[in-house]
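Work through the exercises below with the structure in view. Try each task before you read its solution.

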Amino acid sequence: MATKVKLRQKPMAGGKESLYLDFYPPIVNPQTGKSTRREFLKLYVYSKPRTTLERKHNTDTMLMAEQLRFKRENMILKEHLYTDIEREQMKFLEKSKKNFLEYYEETFRSRGLANVYRHNGALLLLKAYAGNCVRFADMDLEFCEGFRKYLMSAKSLYQKDKILAQNTKHHYMRSFKTMLLQAFKEGYIKEDFAHQIDSIPREDSKRQFLNIDELNKLAATPCAIDVVKRASLFSALTGLRFSDVQALTWGKLEYVKDLGYYINFRQQKTGAVERMPVSKQAVELMGEPRGFDDVVFQNLNRFPHMRKMFRKWISDAGIEKHISFHCFRHSFATNQLTLGTAITTVSKLLGHRDLKTTMVYAKVVDSAKREAVDKLKLDIAPIILRKGGAI
C-alpha cells in the first residue's frame, strides 16, 4: 500500500497552529529506527489572522508547507529517483524556513556561549530593527548591512535618551556576526555574510578606578541607601560585577575550616561557574545571614533614585572622578596588581578566560606608576646631562 502524506495542523499557544505531515501507513524514522506517523515542519500559521501581514504569512507558509508535503511524498514513493544533491537541497529548504531570531536566542542560551547579556542586548536591538520573525530564506547582505547601519544610531536599551556607546555597538555587532557565521557553518544560509560586512571599530577607553585611599574615603562617608554602599565596597574587595553582586544569595557562601570563606556562583555575564575566595571583611559587608535562597544585597537595582544616591555618595566623599558601579571591579583588579599580586592570579579572580583581557589593567597600573613618578619633584636646579644622555 502506497504511503499517503497529508498536511495537518495542531493548535499551539499564542493563537497559532503548528504544521506537520501525517503519514499513512506509518514510515520508519531513519534516525530512531521506529515507525512514526508525524513529522513536524517547524512552521506555524495564525489561527485567526487579524492583520494583512499575518494573512500574508499564512498564505506563504501554507504554500511552502504544501511544497514540502509534495516533495516528501515523492521522496517516499520514488526514493531511488532522488539524487544526493536534491536531498541536500530539500534539507537546506527546510532549514532556511526557520526563524533566525529564534535560532539566535536558542544558540546563545543553550550552548553556553560567553557574554549572554551582550548577545541578549544584540538580539533585542535586532528585534527592534526587523520584528520578531526573520526567516533565513529572507536574509541577504542588504539585511545584514542594514542592521549595522541601524546599530550606529540606535538608542541605549537602558538610557533611552542616549545613543549606544561606541564599544557597545562594537560588541553587539560582534555578537551578530558570530551568529551569522554559526548559521553559515550549520547550513542555514548559503553565504558567509559574517565576513562580507564590516565590523564596528572598538574605541580605546580609559578604565577609571579608585585607589585604596579613595576607597577608604568612601568607606568613611555615609550613603543614604546603605545597600548601595555595602554592595559597592563588596565589589571593590571581590571584583564581582554588578549582575553577580545583585544575584548573590546566602547559599553561595561557603566557609572552609583553616582556609576561610568562598563564594560559589555562576557568572551572569559569561555563564562560567566560579569558586572564589573572599576576605572576612568582604563577608562582613554582606550583613546578617539569612535563608539559603535569600538574596544578600536585597533591593539592589539600577533605579534612577538609587543611581542618584550613588552619585551623591561619591561626591560627598570628595571624589571628582566619573565613577560607575563597574569601576569598583576595575579598582579591585588595579589595586591587586599595584600591591604586587601576580597578573595570572588576578585574571583567575576576575574570572577572565583570556589573560589578554587582564593585561588592560596592567597598562593602567603602568600609567599610574608613571603619573606617580612625575608628581615627585624637588625644588633644585636642573641637572645637566652628559653627552649621550647619561648623567
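**Exercise 1. Which backbone oxygen lies 3.0 Å from a polar atom of the side chain of Asn 335?**

Solution. 
- Step 1: Find the partner. The backbone oxygen belongs to Leu 210. A polar contact is a pair of N or O atoms within 3.5 Å; within protein, one must be able to donate a hydrogen and the other to accept it, and residues adjacent in sequence count only if both atoms are side-chain atoms.
- Step 2: Helices (H or I, at least four residues) and strands (E, at least two) are DSSP runs, numbered from the N terminus.
- Step 3: Asn 335 has 10% relative accessibility, so it counts as buried. Buried means under 20% relative accessible area, exposed over 50%, partly exposed in between (1.4 Å probe, protein chains only).
- Step 4: List the neighbours. Leaving aside residues up to four places away in sequence, Asn 335 touches Leu 210, Asn 211, Ile 212 and Leu 215. Contact means heavy atoms within 4.5 Å.

The model is predicted: local features need pLDDT of at least 70, side-chain atom pairs count only at pLDDT 80 or more, and totals for chains, interfaces and linings use all residues. Residues are numbered from 1 along each chain as its sequence is written, and side-chain values use heavy atoms, without hydrogens and water.

**Exercise 2. Which residues touch the most other members of the largest nonpolar core?**

Solution. 
- Step 1: Know the term. A nonpolar core is a set of buried Ala, Val, Leu, Ile, Met, Phe, Trp, Tyr and Cys residues joined through side-chain atoms within 4.5 Å.
- Step 2: Name them. In this core of 37 residues, they are Leu 218, Phe 234, Phe 297 and Phe 328.
- Step 3: Find the main contributor. Helix H8 gives the largest share, six residues.

**Exercise 3. At what angle do the axes of helices H4 and H5 cross?**

Solution. 
- Step 1: Read the geometry. H4 (residues 116-130) and H5 (residues 141-153) have axes that come within 10 Å and cross at roughly 110 degrees. Axes are lines fitted to C-alpha atoms, for helices over the stretch in contact, and angles run from 0 to 180 degrees between N-to-C directions.
- Step 2: Classify. H4 and H5 are therefore roughly perpendicular (65 to 115 degrees).
- Step 3: Inspect the contact. Residues of H4, including Leu 125 and Tyr 129, meet residues of H5, including Phe 143 and Tyr 150.

Technical notes: Parallel < 35°, antiparallel > 145°, perpendicular 65-115°, else oblique.
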